[in-house]
Amino acid sequence: MIRLVKDKLAGAGMLALAGVPGLVVFAMILGLYGRSRPILAAKPLSELLFSSSWHPLRGEFGLFTFIMGTLWVTAVAVAIAIPLCLLASIYLAEYAPRRLREWTAPLIDLLAGIPSVVFGVWGVLVVVPLIKNHVAPLAGVSSSGYCVLAAGIVLAVMVFPVIVHVSVEVLKTVPNEVREASLALGATRWQTIRHVVMRKAMPGVIAAVVLGLSRAFGETMAVLMVAGNVAAVPKTVFDPAYPLPALIANKYGEMLSVPMYDSALLLAALALLMVVLLVNVAARAILLRVERSVQ
Amino acid sequence: MRGAMDHDPPIRVKNLNIYYGREHALKNISVDIPGRTITAIIGPSGCGKTTLLKSFNRLVDLADGVAVSGEVLVDGENIYAPGVDVTRVRKKMGLLSQKPYPLPMSIYNNVAYGPRIHGTKKRGELDRIVERRLRESGLWDEVRDRLHAPASKLSLGQQQRLCLARGLAVEPEIILCDEPTSALDPVSSRRIEERFRELKSSYTIVVVTHILRQAKRLADYVIFLYLGELVEHGPAGKIFEEPEQAMTREYVKGSIS
Amino acid sequence: MDARKVEEFVWKTLAAAAAFALFLSLFLIMATILAKGLPSLNMAMLTQTPRGGYYLGKEGGILNAIVGSLYLAGGATALALFLSVPIVLYLNVYAKKRSRFVLFTRFSLDVLWGVPSIVYGAFGFTIMLLFGLKASLLGGIIAVALLILPIMSRAMDEVVRTVPHELFEASYALGATRLETALKVVARQAVPGIVTATLIAFGRGIGDAASVMFTAGFTDAVPSSLLRPAATLPLAIFYQLGTPFPEVQNRAYASALILTLIVLAISLVSRVLARNLTKHIVK
């Protein structure tokens, strides 16, 4: 009898705690929305999102510059990371001798855990000077090195281990017999990878890429350290950018005396949260659909 | 060309040794596989049947730490000689595995996959190939109105016949089968066997099987392996009725399994 | 040569080059951190707090950040563990397998997993304002605990989900209640997974800067209570790298090296533990 009571009690307690994740999501959305209400009431949403006039002291809070900063940096990171990661995962999962694979898998795991600030330090010490002294002159422009490209490179390198780790795992789940079926028809390894293995692994690979993308998208510190943080919409990859997370990190907590300032920054945080939510929902929908059409 | 080959055995194995790391999987095998017949490789599980089969199209290469010595001559050419184009060797042979593994695409594309990777792009030609091969494998009537449905929607038996059609589409001379009915129900198995009997007038078929009755039903020629060694080989009648080796006698009587 | 062979060669080479580039870049990062960090690393760096202010003072070390980070990540990990274990056990033992609640909770964990740490920081700070709390060790612990909760829960969930169904049945068949099954069978079966998940979460927690920026603050002193601000290694790197003084920048490099070493050590330990703890596991 006592055992059953205990069982029921523990169940109720666990249920309460199991509600925490859902509760936190709601609390975050509601909390951030609540705090950004003042600015949403004072300004139309279109102005907040699409005006690039950011003059807090004059009461102008256009976030467009920062949104573009985030998009530029994420796009560059994705453009660098996706092809490199896919090719590297294919090499490690399909071509590399087993020894090499056994050696590199834990290494990739280790690297996935390195904190983003450390990537930022590397960016400041290596990538920024490299762009300033070599890459930008090569392209015929002058740049401080603190720019979209630097941030993109640092982010790309940061998400490498994450994407590669998951992609390799996914490629390994494709049964060997499927490869054999294609090879037995006289297909080359590459034809097998391209037409059969990748196709079979596509849902998982998409998930890996989305994972990496959402990591890059919300990354704060590494970007903050190398993006330059100039409030202007970048025109080339050699221009500085000021992504949303960097804006929040730099300004939040300082400027609480300026009216509406914190409200605008929390709106930025809310925007980041909503994008993550949408990406999650969209990724799920895509995965379901891809799974259905492939399997 | 083809006429000359009919006299020579299409596959000739000479002193073949295969190691997986330290394990000596095949020990000095020498045997000829006769053309346009069904050859059954029999023996208890773990005796190297599948390894021998996969050595014919060099799929053994895919295993980690594998080492091969000796020769396998396909149409008189040693496929383990340096510089051999493995894809060309493999194109000469269709493969049916234990479980059907359709490629992750439609029924049509499964069959068209082989011809496509070998350079056939024209739609009309592909259509003809797909129909012909599906007919040959006895699947056409069941799938003709849903060629573009995913292959995974077919029943297991249908999938196995699709895999057969897929293999035939690259115009092989030889069909290699690794216990092709072990995952199928009796009716589907029977259908596959019927196909083999029909196809043997134009193809050399090699079947790995651990089902003695299947070997008796199908085989013209039998190879008996035990623990990586070739114990005996010869025409089916001889192996099943009056084997020379005591070991073979025990096995075909069902004492060893 | 045949076009297919050229294609094969080109792609294989590209793939190998990509893998090489990837490892090279990661190797270069480690080399940079080592080359910059090692010369700045000495006993004083490890045993002293910065003197004359962390931003301007040229003397002293980073003891404040090392201790602060360990306190903060330790506290956050403990808090997250206290939440994660019941959540995961509830999802896998008590709840009906595909109920809405289970799906919704897993979805929430996925969403939280993807929420940028700066959002945790900003959200945490607004909550603290609500309760009149100032930037403090406690605030940092709560923010980081929320940040690592999804990482920990999801990792554990993956492990517990692989516990064979028959094991549950065997336990129920012996007349065990769900609680007893959860604690005596499932939890024990999942111990290696729980340990690994905890360590991974600790590693993530100790390395994150954006979530503690507003919530934990920064200080020269080793925190003496939960309500005092606490310095952390990631922020020590960030702030001190930004000064014009090489002496102060050295503290940043030393912090980067120490942080990296801590994270790598944790990762290694979790690997070794995972391997050694799997003795009593039924597969």
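Modeller: Helices (H or I, at least four residues) and strands (E, at least two) are DSSP runs, numbered from the N terminus. This is a predicted model, in which local features need pLDDT of at least 70 and side-chain atom pairs count only at pLDDT 80 or more, while totals for chains, interfaces and linings use all residues. Residues are numbered from 1 along each chain as its sequence is written, chains are lettered from A and ligands numbered from 1 in the order in which they are written, and side-chain values use heavy atoms, with hydrogens and water left out.

Colleague: How many salt bridges does a search of the whole structure find?

Modeller: A salt bridge places a side-chain nitrogen of Lys or Arg within 4 Å of a carboxyl oxygen of Asp or Glu. Over all chains, the search finds 30.

Colleague: Where do Glu136(B) and Arg133(B) lie, and are they buried or exposed?

Modeller: Both belong to helix α5 (residues 123-136) of chain B, 3 residues apart, about one turn of the helix. Relative accessible area is 18% for Glu136(B) and 3% for Arg133(B), so each is buried (under 20%; exposed is over 50%, partly exposed in between; 1.4 Å probe, protein chains only).

Colleague: Which helix holds Arg195(B) and Glu198(B)?

Modeller: That pair sits in helix α8 (residues 186-199) of chain B, again 3 residues apart, and its salt bridge spans 3.1 Å, N to O. Arg195(B) is buried at 15%, whereas Glu198(B) is exposed at 53%.

Colleague: What does Asp220(B) pair with?

Modeller: Asp220(B) forms a salt bridge with Lys200(B), with 3.2 Å between the closest N and O atoms. This pair links distant parts of the chain, 20 residues apart: Asp220(B) is in the loop between α9 (212-218) and β9 (221-226) of chain B, and Lys200(B) in the loop between α8 and β8 (204-208) of chain B. Asp220(B), at 27% relative accessibility, is partly exposed, and Lys200(B), at 23%, is partly exposed.

Colleague: How much area do domain 1 of chain C and domain 2 of chain C bury between them?

Modeller: The domain assignment, automatic or from a database, gives domain 1 (3-40) and domain 2 (45-278) of chain C. Buried area is the accessible area (1.4 Å probe) that two parts lose on being put together, summed over both. Here the two domains of chain C bury about 610 Å², 80% of it on carbon and sulfur atoms. On the domain 1 side, Ile33(C), Lys36(C) and Ser40(C) lose the most area, together 64% of what that side buries. The count of salt bridges between these domains is 0.
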